[in-house]
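This briefing is meant for a reader who is meeting the structure for the first time. Please keep the sequence and the 3D view at hand while reading the points that follow.

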Amino acid sequence: MGFKINRVYTKRGDKGKTSLVGGEETSKANLRVSAYGELDEANVAVGALRDLISTKQQKLAAELLVIQHDLFDLGAELACQASQAFPGMALIDAKDVTRLEELCDFYGAGLTELTSFIIPGGSPAGNAAHLARVVTRRAERTVTALLDSGEIVRFEAIQYLNRLSDLLFILVRFLLKSENVPEVLWVKKAERG
């Protein structure tokens with residue numbers, strides 16, 4: 001490890017400021033801070049999902065742990081200005097995106113074709129996957145907004161988050177199927193009797 005955390009509170013943030021990796025001080029409302037903060041939220045949501053399925057689906061739980069490490073790496077990348085990346089920094093790359101696509105294909109195999117949107121619910125694990133999905137989508141939107149604001153964001157970062165939220169949606173369906181819980185499909189208002 002390249003750093004130590006001896007004390008959590010420093011009082012430097014009491015005035016709404018924080019430091020990026022490299023020491024640059026910025027507002028806690030900075031879009032970059034929001035982006036890596038939302039990746040932290042996504043990581044927590046994926047961890048909650050992993051905890052709910054770890055005894056039933058050990059292979060999936062192990063894959064989710066790898067994803068948590070990826071999210072931490074991506075958060076570290078976004079916590080510094082593009083020009084201040086540190087040596088040895090782990091970067092999400094095309095292989096990581098491909099790995100998510102392979103997981104999508106694996107867990108999506110055997111799922112029926114959807115004819116409507118899915119209403120969240122049905123099982124704790126399914127709901128946790130839904131929550132992780134929407135938190136990841138929010139992080140993706142914020143990272144995209146960071147790019148749109150003129151900041152440098154690598155393409156693979158947004159691509160990874162997009163593919164991860166796809167995977168989490170597939171996992172909702174996979175987990176419900178594995179628990180023999182029927183999906184509740186959204187019905188248009190005119191058809192709801």
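Predicted model: local features only at pLDDT ≥ 70, side-chain atom pairs only at ≥ 80, totals over all residues.

**The surface patch and its residues**

- Phe117 is found in the loop between H3 and E3, and with a relative accessible area of 63% this residue is exposed, because the value is over 50%.
- Trp186 lies in the segment after strand E4, which covers residues 184–185, and its relative accessibility of 37% places Trp186 among the partly exposed residues, because that value falls between 20% and 50%.

**The chain as a whole**

- The chain has 193 residues, of which 38% count as buried, and its accessible surface comes to about 11,400 Å², with 56% of that surface belonging to carbon and sulfur atoms.
- In the chain there are 5 helices and 4 strands, and their order along the sequence follows the pattern β-β-α-α-α-β-α-α-β.
- When contacts between residues at least 6 apart in sequence are considered, 73% of them join residues that are at least 24 apart.

**Aromatic pairs**

- How many aromatic pairs does the structure hold? The structure holds 3 of them, and each can be read with a simple rule: a pair of aromatic rings is described by the distance of the centres and the angle of the planes.
- Phe106 and Tyr107 form an edge-to-face pair, because their ring planes stand at 90°, while the ring centres are 4.8 Å apart.
- Within this pair, Phe106 is partly exposed at a relative accessible area of 49%, whereas Tyr107, at 3% relative accessibility, counts as buried.
- Phe106, Tyr107 and Phe174 form one aromatic cluster, and Lys59 lies over the face of Phe106, at 4.6 Å from the ring centre.

**Two buried residues in helices**

- Not counting residues up to four places away in sequence, Arg173 touches Leu111, Thr112, Leu114, Ile118 and Glu183.
- Thr142 is found in helix H4, which spans residues 124–148, and this residue also counts as buried, with a relative accessibility of 11%.
- Which residues does Thr142 contact, leaving aside its neighbours within four places in sequence? Thr142 is in contact with Leu31, Ser34, Ala35 and Glu38.

Note on methods. Residues numbered from 1 in each chain as written. Heavy atoms only, no water. Contact = heavy atoms within 4.5 Å. Buried < 20%, exposed > 50% of the residue type's maximum accessible area, 1.4 Å probe, protein only. Areas by Shrake-Rupley, 256 points an atom, 1.4 Å probe, with all protein chains shown as cover. Phe/Tyr/Trp six-rings, centres within 6.5 Å; stacked < 30°, edge-to-face > 60°. Lys NZ or Arg CZ within 6 Å of the ring centre and 35° of its normal.
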